[in-house]
Amino acid sequence: MKYIYLDNAATMPINNSVLNKMIEYAKYYGNPSSIHQAGREARKLLDKSRAVIAGILGANTNEIYFSSGGTESANWALVGAAFANADKGKHIITSPIEHHAVINTCENLKKHGYEITYIPVDKYGIVDIDAIKKAIKKDTILISIMYANNEVGTLQPVHEIAKIASEHGVLFHTDAVQAVSNVPINLGELGVDMLSLSAHKFAGPKGVGALYIKQGTKLSPFIYGGEQERGRRAGTENVIGIVGMAEALKIACTDIIGSGAKIAQKRDRLINGIIDSIDGAQLNGHPTMRLPGNVNISFENTLAQALLMRLDSAGIAASAGSACASGSPEVSHVLLSMGVPREKAKGSIRLTLSCNTTDEDIDYVLGVMPTIVKECRSSAI
Ligand code: PLP
């Protein structure tokens with residue numbers, strides 16, 4: 001049976017070259033902190049991977065810190081900045097459409113006396129820049145706004161926000177887990193102080209990521225222990241995962257613009273095809289300022305879970321938004337924050353394409369979708 005994987009924002013299948021490289025390098029078993037030959041070999045792999053990642057992202061090598069993934073990086077950025085700058089203030093600015101890695105960390109910081117301001121977004125999911133300016137106070141220490149939203153794919157004006165933050169002497173973290181490899185990023189120009197990324201979102205291995213920390217940024221460690229990562233993130237490094245992450249980033253960023261344009265063409269054909277063939281189907285997110293592979297559509301009078309089950313039976317893997325939201329009956333906090341009515345939000349699904357998605361895949365989805373939606377609607381009555 002056909003199997004079409006359209007949940008690339010949740011995770012991507014590991015790239016074969018990445019996997020082969022990881023297998024090839026698995027023989028380097030040394031602990032990078034050991035001084036003997038095996039340790040030095042592993043250390044060399046770490047240094048090389050760090051240099052590759054820094055080079056691709058336009059950062060200095062000593063600004064890349066390895067972590068266990070996007071969630072840890074975002075937690076570190078927020079908690080680390082909050083603790084290290086508590087003497088200056090306890091006010092943090094973020095948005096209501098962030099991933100739970102950011103929102104739940106902020107909510108936890110609230111319990112420790114921090115004040116969180118959520119900046120509203122418009123109907124496309126773009127944050128209100130003027131509201132950010134107005135929200136900055138004397139005791140504001142951090143702004144955290146995601147680069148690209150994981151549910152609706154909307155891209156934020158990160159350059160502008162970075163400028164505002166810097167003018168006010170406030171740190172700026174961006175969760176770029178969905179943006180890295182989809183949007184060209186030059187950290188030398190972007191102006192952010194911290195940026196989170198995760199390897200499995202660009203066809204690398206799971207459980208490994210990085211936090212970019214601009215030189216001079218005041219940030220407490222998040223994990224305490226040994227002196228790894230220049231004393232800022234303890235724990236023996238996931239050498240083989242890091243090697244895989246560097247290789248995956250290299251491959252994914254070889255031709256971001258060209259590959260993004262090809263994916264976006266298929267994305268737009270899928271969006272237009274669905275909207276033209278199904279009554280009561282509406283695109284969520286910005287029509288153009290969105291990730292090349294993101295399609296998020298509300299189908300009136302349906303339930304996402306029913307749509308997803310039928311799509312799965314037809315060999316199509318999709319999701320209801322963020323990975324953690326799928327499988328739970330919760331309505332998307334992102335769509336509600338964008339003003340999508342609850343009833344519509346309940347019938348919204350996300351289809352995320354990658355460079356592996358073919359024109360035939362799109363044809364197949366367009367072919368089965370009207371029947372699936374019709375069946376869901378009639379069974380809902
Ligand atoms: N931030 C965003 C925007 C994400 O999409 C995700 C994963 O879905 C994360 C953070 C968490 O990343 P990880 O799965 O590597 O912990």
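Predicted model: local features only at pLDDT ≥ 70, side-chain atom pairs only at ≥ 80, totals over all residues.
**Helix pairs**

The table sets out the geometry of the two pairs.

| Pair | Axis separation | Crossing angle |
|---|---|---|
| Helix 3 (residues 70-84) and helix 4 (residues 100-110) | within 9 Å | roughly 30° |
| Helix 2 (residues 37-57) and helix 9 (residues 239-252) | 9 Å | about 30° |

For helix 3 and helix 4, the axes cross at roughly 30°. Angles under 35 degrees count as roughly parallel, so helix 3 is roughly parallel to helix 4. The crossing of helix 3 with helix 4 is right-handed. On the side of helix 3, the contact is made by T71, A74, N75, L78, V79, A82 and F83. Helix 4 contributes A101, V102, T105, C106 and L109. By residue class, this contact of helix 3 with helix 4 has 9 nonpolar and 3 polar residues, and no charged ones.

For helix 2 and helix 9, the packing angle is about 30°. Helix 2 is therefore roughly parallel to helix 9. Helix 2 and helix 9 cross with left-handed geometry. The residues that helix 2 brings to the contact are A42, L45, L46, S49, V52, I53, I56 and L57. They meet V239, I242, V243, M245, A246, L249 and K250 of helix 9. The contact of helix 2 with helix 9 comprises 13 nonpolar residues, 1 polar residue and 1 charged residue.

**T154**

T154 sits in the loop between strand 5 (140-144) and helix 6 (158-167). Its relative accessibility is 0%. Buried means under 20% relative accessible area, so T154 counts as buried. A polar atom of the T154 side chain lies 2.7 Å from the backbone oxygen of Y124. Y124 is also listed among the residues that T154 touches, when those up to four places away in sequence are not counted.

**L366**

L366 belongs to helix 14 (residues 359-380). In sequence, L366 and I271 are 95 residues apart. Their C-alpha atoms are 9.3 Å apart in space. With neighbours within four places in sequence left aside, the contacts of L366 are R269, L270, G273 and I274.

Terms used:
Residues numbered from 1 in each chain as written. Heavy atoms only, no water. Axes fitted to C-alpha atoms, helices over the stretch in contact; angles between N-to-C directions. Helix = DSSP H or I, 4+ residues; strand = E, 2+ residues; numbered from the N terminus. Parallel < 35°, antiparallel > 145°, perpendicular 65-115°, else oblique. Left-handed = near helix turned anticlockwise from the far one by under 90°. Contact = heavy atoms within 4.5 Å. Nonpolar A, V, L, I, M, F, W, Y, C, P; charged D, E, K, R; others polar. Buried < 20%, exposed > 50% of the residue type's maximum accessible area, 1.4 Å probe, protein only. Polar contact = N/O pair within 3.5 Å; in protein donor to acceptor, adjacent residues only side chain to side chain.
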